[in-house]
Structure formats: C-alpha cells, structure tokens
Amino acid sequence: MTNLYWLDKIQLSDRDAVGEKAFYLSCLLAQNHPVVPGFVVPAKTFWQFLESIDWLEPLFADWPHSSLHLNVDEPRQLQSIARSIRHQILATKLPDALLSGLESAVSQLNSNSKALIFRPSLTSRSPKTAGILESHAVRAEPEAIEAGLKRAWAEMFRARSLFYFQRCGLRIQEINPAVLVQSLQGARAAGDVKTNAGAAWEIQATSGLGMSLARGETIPDYYEVQPETGAVKFQRLGYKTLAYNLKADEGDQTKKSLIENFKGSQIANSAFLIPDFADSCLEVLALGEESQTEYVLEESQLQKIIELSNKVVAEFDSDLILQWTISETENNDEPQFYFTQVRLLKGKKIASVRENAIAPARIPAILRGLAAASGKAEAIAQVMTNSHPENAEFLAGGILVAQKIEPHWLPWLKLAAGVVVEQGGMTGHSAILARELGIPAVVGVAGATRAIASGDWVLVDGDSGQVFATAEPDGDRLRELEKNPEIYTTAAEMSIANYQSSTSDRSSNPASQPRRAEFAESVWGAPTATQLLVNVSQTSSIDRLRNLPIDGIGLLRSELMALEALDCQNPKVWLQNGQQSEFVSRMADCLSLFAAAVAPRPIFYRSLDLRESGTQGSFSYTFEPELFDWELCVLKKVYDSGHTNVNLILPFVRSVDEFAYCRQRLETIWKKRPPEFQLWMMAEVPSVLFLLPDYVKAGVQGISIGTNDLTQFLLGIDRESEQVAGGFKGRDRAVMRAIEQLIGQARAADIPCSICGDATALYPETVDSLVRWGISSISVNVDAVEQTCRAIARAEQRLLLEAARSIVNN
C-alpha cells in the first residue's frame, strides 16, 4: 500500500512524515543494527479517516476544518468532548482499502508474529509527547489490527492530550500523528542504555517487556560500565516483583521457557494492571523470590548490550539513550537482542537533528530527601535555575525542581504538581507553601538539579521523602491513573485542577461550616474545649476551609499573602514608589476574603516579617515604620468595611521596648479601635521565656508560640538546613519545657496562649502534653486539621478519665 512507510526504506525527506521515533530506528536499520522491522502509518491517513467519520455532534460538523473551540480549563467539558471524539473514532470502521493494506503489511512483517504494537507519536515539528500518547499491544488478527490503529489515533483526543496540545500552542489542524507498527515478541529482559562520552555508561534492566520499567512499577537493576572495556564499575540490584509479557496458549514452549527463566514465578491476576484486559494480548508474571534476588542480565548478555551500543554510538557520533529488549525464542534458542527506540542527546552527524531534542534521563532510580508535604505527583520535571523565575516560563502541571525556592516564586508553585528542592527543611518557606497549596514536596534533596533534567519524568512522593525516575511513562499507566486519580496526580490532571481552582467561586457560607466542637462530638461523643485554628496565607486555601472543623484562623502569614495581593512584588517596592493607597486597598481586599470566610470566628493576622538586611520581625519597624503604618491602615480599613473578627500578631518580638513601640504606632494610626480588637505577639524568641510578665504589663493580650523559630534558636540549628535536619526536632526536651513554661506563664497572667508552628502536625503525640498543660488553642496547616482535631479529643478524654478515676479513688 503506497501510503505506508517501511522502516528499511525511509529517506531523509520522509522525516517529517514518519516522526522522530521511526526515523531514528530506520537509521539504525540502515546500518544493520538489530531493530524489529516495521512500518509507519502517516498523518495523512489519519486525516483521511477523520474526514470519513459521520460526526453526530454539531461541534464537529465542519470537521476537519473546525478549530474545535473548547475550554481546556473546564475539566467536565474537556472530558466530555474527548470521550465523544474517541467514541466516534473507535466506532467507525476503517476503509476497506486501508484495512486490507494493513493486513497485507502485517503478514509481511513476520509470518510467525502473534502480536503487534502500535506506537503513536507526533512528527518532528510538533512538541514532545513522552508520557502523553500511549502505545497499544494487540493480537495479530484482523479485528485487533483495526482496533490497534484506531486506539493509537484516539490517543490524540484524550483529555490530557488536548490539554497538553493547547498549552503548547498546537492547533487541532496541526496534529500530525504517525503510528509505528511493529511485531511484538515475548521478552526475557528489557531496559535502556544511556551513553556518556568520556564517562561511564548507565544501563537499566528489568524482567520481561519494558512496560513495568516505563510505568515505574519496578525498580530496575542498575549498572555503571566502562564502554571501552566492558568493566562494571558499579551495580545495584533492583526491586522487581512483576514482569509483563505476551499471553500464550497453554502448552506453548515459549511461555514454558519464560516461566522457567523467572524462577518461582506464576501468572498473576493482571486485570488491575492492564487496561482493557479482556482485549489485551499481555499478561503479568508475579516474580518468585529467587528471581527477585537475582540480576536480570547474565554477564554475557550485559557485554552483548555494551558491544551493540558501542557500534551504534560510532555510527551516530552522539550520546544516546537506547532502549533494548532480549526476546524470547522457542526451544531455548539463543535469545535475540533488539533496539526498540533511540534518542539523541547531542551531536549533529544526522542532518537536521535538533540540539537537545529530547532531555537525557539522568535521574537515578531514587533520590531521597525530607518528606515536607504529603501526597504523590508524577509529571515532567522542569528545573528552574534562574533566580528570577518571572523571566522564565513554567509549564502548568510540571514538577518544579530548584536549589531553593524563594517566597516570590509563588505563581510557579501554584502551577506545579509537585516540588523537589535541594535546600531547606521541614519548616522552610517551600515546605510551608507546598503544604498549604496541597502539593507534594520533598526538600533537602542533595544534587537534585544535577540529577534531574528538564523533560525527565519523575514521581514525587511527599509521604516517604523519595523522588523516583519513571523514564517515559507508558500511556497505559496514565490511563489507569486517569481512572483512579486517588493513586496520585498526573500532570494534566493537576493542571486542570489548578486552573479550575483559580476560577472557582471563592464565596463561603459560614453557616454551612461545622464547628470543631460539633465535629469532635460526632466522632467522640463530646465537645472539646481546646480551640482548633488553621494557618493559611493564600486565598486559594479558602475553599479548603469549607466544612473543616476549625474555630478560626490562628495564623495568617502576611508576607505570603502579600505576594498574592501585590502581584508577587516585594512590599518595599510599593513603599519606595509611594503607592500607599493601592497597597492598602489590595491588602485589605485580600484580608477581607479570609475574614468573611470564617466570620464570626476570629482571624489572627501576623504583620510583615520580611527578614531582609539582617533584620527580623518587629525590630525592622523601629527604623522603617512607614510599612508597618500602612499595615495598620489595612486593618482599620477591613474593620471599617464591617469585618470585626480580625486581630493582630506582632512577629519575632525581641524586647519589651519593641512591643511598646509597635503598640504606640497602633494607637497613633488607629486611635478609636473597637474593644474586641486584640493585640498579640509571637512567642518565638527565647527571651520571651523570661519576660512574658513584663510583656503582659506592656499590653500584650495573647501569645502564639512559633515552634519553628523557637526550636531554631533554642537548639542553635538552622531551620532551613537539610544537613542538620535530623537535629531539628520540635519535640526536643528543651523545646517542650520552654513551651510548658510559656503556657504556664500565660495562664498565670490570664491571657490566651496558642501554638502555631509545625511541631504539632509533625509530632501529633505532643498534643497530649499541650492539652494537659492548658494550651488555649492549636493552629495547624490545612492538611493537618482532622488529625489534630482527633488528637485534641483523645487528649481531653484522657484528662477527663484521669480526673474521674481520681475522684473515685479518693
């Protein structure tokens, strides 16, 4: 059939028609390197087929000239349209001539082939689609062949694909999918080789077909080898519990050989692993214990891979990533080695090779750091080395990788699916923001920006503190995640969720929000006395407050709120430009949203703690009072607008004189304050332990213990340092004694005492002690509300039980 391109006949002029994947394999085949034969169904055949469909919806009436106007930021509409298009593609029969040509071409591939794989990709002028478009394996039978091609084409119209294309600026008419069709054989092992001129090569290997590696379901065996000599410089046994392979009839010798090769293995129930299982030609082997404790490759097989890869590198004059497979053979014949994909990392020996067309997969199997924000996210990594990200672009839904994250990176954090940071600890800004935004984060990951390259696919596990390489995720796994989003969030899903959140209704009905006491009573049978508050800074968190069992906002971090209100500009820029009116208006509008969301419950606004030029907290107000005065005007404006539940907390107060100065500014700017307004201070500098009675005399009406800074200065450990993270413990005996002392002093002075650091969330067991000592309220991040509520209820029940027993015993 004239509209098919055979791999061994592709010319340089065909490159745009067949796509990069097929083109590079054809280059290997032309030089007699081992490549499974195949052919390409070009994009023009795809468009001819679309024109033959009898579209039911008016939206597609003028297809393919329709610009397909859809709002990819509206998930329901996007999913509905995507399903409709895919249904029409799958339900329409292929033209007889095309189907006949396909069947004839398949018969020429390999008369003994029992299975085929359809690999869709866009042409070289289109954006990369690694992990976006999935391949489909089918039996080499007429009906299955037709289904395989249509499924490959339908990949263009998955919700994630349409979202990605739109974000890349690719119009529907510019989608040009080429589908590579090859025979598929059972495999003993599969993996990849990453070459590196002048340095060791990296080889990964897993059992069976490469799907388990692509999907991140196994950790492969790993080798570092010297290419010239074949010497193994380093090797690490992987963690391999399963292997994908072809289904085979009972009694099939290849299948028998396969199971014998994977010692102790058996056929697993793979319905949950393979989408469309009933129609699949694949099955899963559960590897036996013996197979799990052995390396996949024999020494001779490893050397063969090195030998074949050396020949390819010599031909291409470039560093490469070569994907390979060792095929099963009948009657235990010598296994066959094949290359299944080649990607150029650098070099220009082949005409028109784009520099860095595909990012190198340099990330080791696992990177480890501190689990800073819970959850899991898998997406394409984007390494931000620019200290001014406002001058860079960040793809929504990617994994943000950086040496450190400054507070003004907030816009990029809001678009990220997950965060990986080299510097910082559990209580740093990046960790705090990630927890509030509800995205997984791992901090303190040494060498992350060197090990991960933009374009790598990674899985961030914010629960274990690990970052996994997932190579190029197979579309099957992405489809499974699409069906089960609770497993972890994929890039497109995270992007859609973020955009939906940014445009959703922020209004809140306080009457619909159950009180903490009611929640506790429904769970434990009795209300609790200790108040539960929440720490926030972003208006996007307001929706998350709805229906939470909270008594108000215990800490509103103004410096982070200001980034949102002031377009991520430093407040001092507004001060220098004399923009007081706009500053006050913007900040008051933002603060009012929080006040309205929790009214009539209280909100405690902590004034700006910019920590610049070596100064922190309230001390900076003494030599630069204008900015603090503006904040006081913000509070007054919020009260004047009718929100009377806002109070002020002064940050990082070091002396009674500092507090007295700030109180004097308050009385000057806001002379007629309402009596319900309260002036508190943070208790986070150790000197407060000795001076609290003096602060109360000076007018302090309540304190909030900041465990992050209190721990830092009591123990002399930098809270941002990952090197000494093990020593930074908010439950340290000295820290707990200091907290007990502050609570006791506050009770003696008859003022409320709250605690708002991360210690209670990181160490829930400390809640017992806090309640026993008489803490007034506990304020935690949004994600820790429910567990803290339960901890408070349990602690209070224990106290009541102890009191009851004491009465009985006496």
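The model is predicted, so local features need pLDDT of at least 70 and side-chain atom pairs count only at pLDDT 80 or more, while totals for chains, interfaces and linings use all residues. Residues are numbered from 1 along each chain as its sequence is written, and side-chain values use heavy atoms, with hydrogens and water left out.

Me: Why is C27 called buried?
Reply: Buried means under 20% relative accessible area, exposed over 50%, and partly exposed in between, with a 1.4 Å probe and protein chains only. C27 has a relative accessible area of 17%, so C27 is buried.

Me: What makes C662 buried?
Reply: Its relative accessible area is 1%, so C662 is buried by that rule. Buried residues make up 56% of the 810 residues in the chain.

Me: How many disulfides are there by the rule used?
Reply: A disulfide is a pair of cysteine sulfur atoms within 2.5 Å. The count by this rule is 0.

Me: What makes a space a cavity, and what makes one a pocket?
Reply: On a 1 Å grid over the protein atoms alone, a cavity is a set of points where a 1.4 Å probe fits but cannot get out. A pocket is an open set with protein on both sides within 12 Å along at least five of seven lines. Lining residues have an atom within 4 Å of a point. Grid points are joined across faces, edges and corners, and a volume is the space filled by probe spheres set on the points. A search of the whole structure finds 5 cavities of 30 Å³ or more.

Me: Which residues are closest to the centre of the second largest cavity?
Reply: The second largest cavity has a volume of about 130 Å³. Of its 15 lining residues, K572, L610, S620, Y621 and E624 are the closest to its centre. The largest share of the lining, 3 residues, comes from α22.

Me: Which residues are closest to the centre of the second largest pocket?
Reply: This pocket holds about 1100 Å³ of space. Among its 44 lining residues, the closest to the centre are E406, P407, H429, L610 and R611.

Me: How do you know which contacts join residues at least 24 apart?
Reply: Contact means heavy atoms within 4.5 Å. Among contacts in the chain between residues at least 6 apart in sequence, 69% join residues at least 24 apart.

Note on methods: Helix = DSSP H or I, 4+ residues; strand = E, 2+ residues; numbered from the N terminus.
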